[in-house]
Amino acid sequence: MKSPGRFVWILLMLVVLLTNGMGAFGLKVLSAWGLPAGIKFPYLTVWYAAGLPLIGIPMLVRGVYGGFKELRWGALYAVLSLGGQLAMSYALDYGVPGSVVYPVAVGGSILVVALAGRLLFGEKMHPLSWAGVGIGIVAVILLGVSAS
Amino acid sequence: MSLGLLFCILGAVSFGLLGCVSKMAERRRCNSSAVVLWMICWAALFMLGRTLTQSPIVHLTWPVVALAVGFGLCATIAFLAFQISIEIGKVTVGWLFMNLSAGVPALVSMWLYGEKLTPLKSVAFGLALISLFCLFQGNRLEAREATHEKSR
């Protein structure tokens with residue numbers, strides 16, 4: 001990775017770190033407001049749709065249009081995201097405690113990506129980065145356990 | 001319970017494949033903005049369908065809409081930043097950052113709702129910081145090794 005690329009990467013990682021977790025925080029605020037459970041679906045409709053102008057307008061201005069290829073990958077992305085959420089919610093419905101559901105789903109997903117990164121995409125990482133991944137998985141699991 | 005555990009594993013595989021699919025899309029030179037745009041389009045459509053078929057239909061108040069827009073924008077920026085990051089960085093590290101970000105709302109909850117800093121949370125935050133240090137340092141060393149290899 002070249003140094004300008006590395007600077008951009010660090011910046012992007014900081015953006016991911018600050019924004020991704022906060023994206024889900026709204027559901028916690030909703031539950032604190034004591035609103036009915038049924039509000040979750042219209043809330044998530046607006047939650048997803050909110051990003052359309054943010055991405056769509058700059059794309060229109062730059063004359064960038066997503067083709068059929070992007071449409072297909074975007075659909076797969078959405079199915080997997082919603083599928084993961086549904087699977088976790090069904091696991092909770094079947095009586096699996098949250099302290100088990102969250103670590104298995106999240107810790108497991110990082111393991112799947114790490115294995116794919118190594119075996120499918122041929123990503124080579126420094127041993128220190130692998131140590132970071134291992135420690136990070138434990139940290140995410142503990143965060144999940146402490147929240148559930 | 002065993003069916004519940006099966007759903008847990010399905011959740012792990014589903015989320016894991018999500019990370020892999022984003023890398024596959026990048027390898028096929030898909031436009032990052034367009035992939036994320038279509039993803040939120042499909043997800044919003046699915047949620048709209050689910051909203052319209054539930055009874056009774058729940059109407060949103062303006063504060064809830066504002067909340068959804070604000071946090072939805074956060075999530076969109078995160079997805080887009082992740083999708084762009086894997087063009088220059090590694091998907092494993094990017095995906096870990098996506099998950100480590102759970103620490104931020106945990107910190108905000110402590111400040112906003114006065115939640116206690118339990119020993120377990122303290123350990124989790126400490127490990128998250130060590131992990132971030134290792135990842136950034138590892139990335140610096142990888143960049144240095146790559147430069148050495150090129151100069152040979």
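The axes of α5(A) and helix α1 (residues 2–27) of chain B come within 7 Å and cross at roughly 40°. This is a predicted model. The crossing of α5(A) over α1(B) is right-handed.

Which residues of α5(A) and α1(B) meet? From α5(A) come A:V100, A:V101, A:V104, A:A105, A:G108, A:S109, A:V112, A:V113 and A:A116. Their partners in α1(B) are B:L5, B:C8, B:I9, B:G11, B:A12, B:F15, B:G16, B:L17, B:G19 and B:C20. Sorted by class, this contact of α5(A) with α1(B) holds 14 nonpolar and five polar residues, and no charged ones.

The contact between the two chains as a whole involves 116 residues from chain B and 105 residues from chain A. About 10,100 Å² of area is buried between chain B and chain A, and carbon and sulfur atoms give 80% of it. On the chain B side, B:F15, B:F71 and B:T92 lose the most area to chain A, together 6% of what that side buries. B:F15 is also one of the α1(B) residues that meet α5(A). How many salt bridges are there between chain B and chain A? The count is zero.

| Helix pair | Axis distance | Angle |
|---|---|---|
| α5(A) and α1(B) | within 7 Å | roughly 40° |
| α4(A) and α5(A) | 10 Å | about 155° |
| α2(A) and α3(A) | within 5 Å | roughly 20° |

Helix α4 of chain A spans residues 68–93, and helix α5 of chain A spans residues 98–119. Their angle is over 145 degrees, and α4(A) and α5(A) are therefore roughly antiparallel to each other. α4(A) passes α5(A) in a right-handed crossing. On α4(A) the contact is made by A:M88, A:A91 and A:L92, and on α5(A) by A:G98, A:V101, A:Y102 and A:A105. Six of these residues are nonpolar, one is polar and none is charged. A:V101 and A:A105 also belong to the α5(A) residues that meet α1(B).

Helix α2 of chain A covers residues 40–49, and helix α3 of chain A covers residues 51–62. Their crossing angle is under 35 degrees, which makes α2(A) roughly parallel to α3(A). A:W47, A:Y48 and A:A49 of α2(A) meet A:G51, A:L52 and A:P53 of α3(A). This contact has five nonpolar residues, one polar residue and no charged residues.

Technical notes: Residues are numbered from 1 along each chain as its sequence is written. Chains are lettered from A and ligands numbered from 1 in the order in which they are written. This is a predicted model: local features need pLDDT of at least 70, side-chain atom pairs count only at pLDDT 80 or more; totals for chains, interfaces and linings use all residues. Side-chain values use heavy atoms; hydrogens and water are left out. Axes are lines fitted to C-alpha atoms, for helices over the stretch in contact, and angles run from 0 to 180 degrees between N-to-C directions. Helices (H or I, at least four residues) and strands (E, at least two) are DSSP runs, numbered from the N terminus. Angles under 35 degrees count as roughly parallel, over 145 as roughly antiparallel, 65 to 115 as roughly perpendicular and the rest as oblique. A crossing is left-handed if the near helix is turned anticlockwise from the far one by less than a right angle, and right-handed if clockwise. Contact means heavy atoms within 4.5 Å. Ala, Val, Leu, Ile, Met, Phe, Trp, Tyr, Cys and Pro count as nonpolar, Asp, Glu, Lys and Arg as charged, and the others, Gly among them, as polar. Buried area is the accessible area (1.4 Å probe) that two parts lose on being put together, summed over both. A salt bridge is a side-chain nitrogen of Lys or Arg within 4 Å of a carboxyl oxygen of Asp or Glu.
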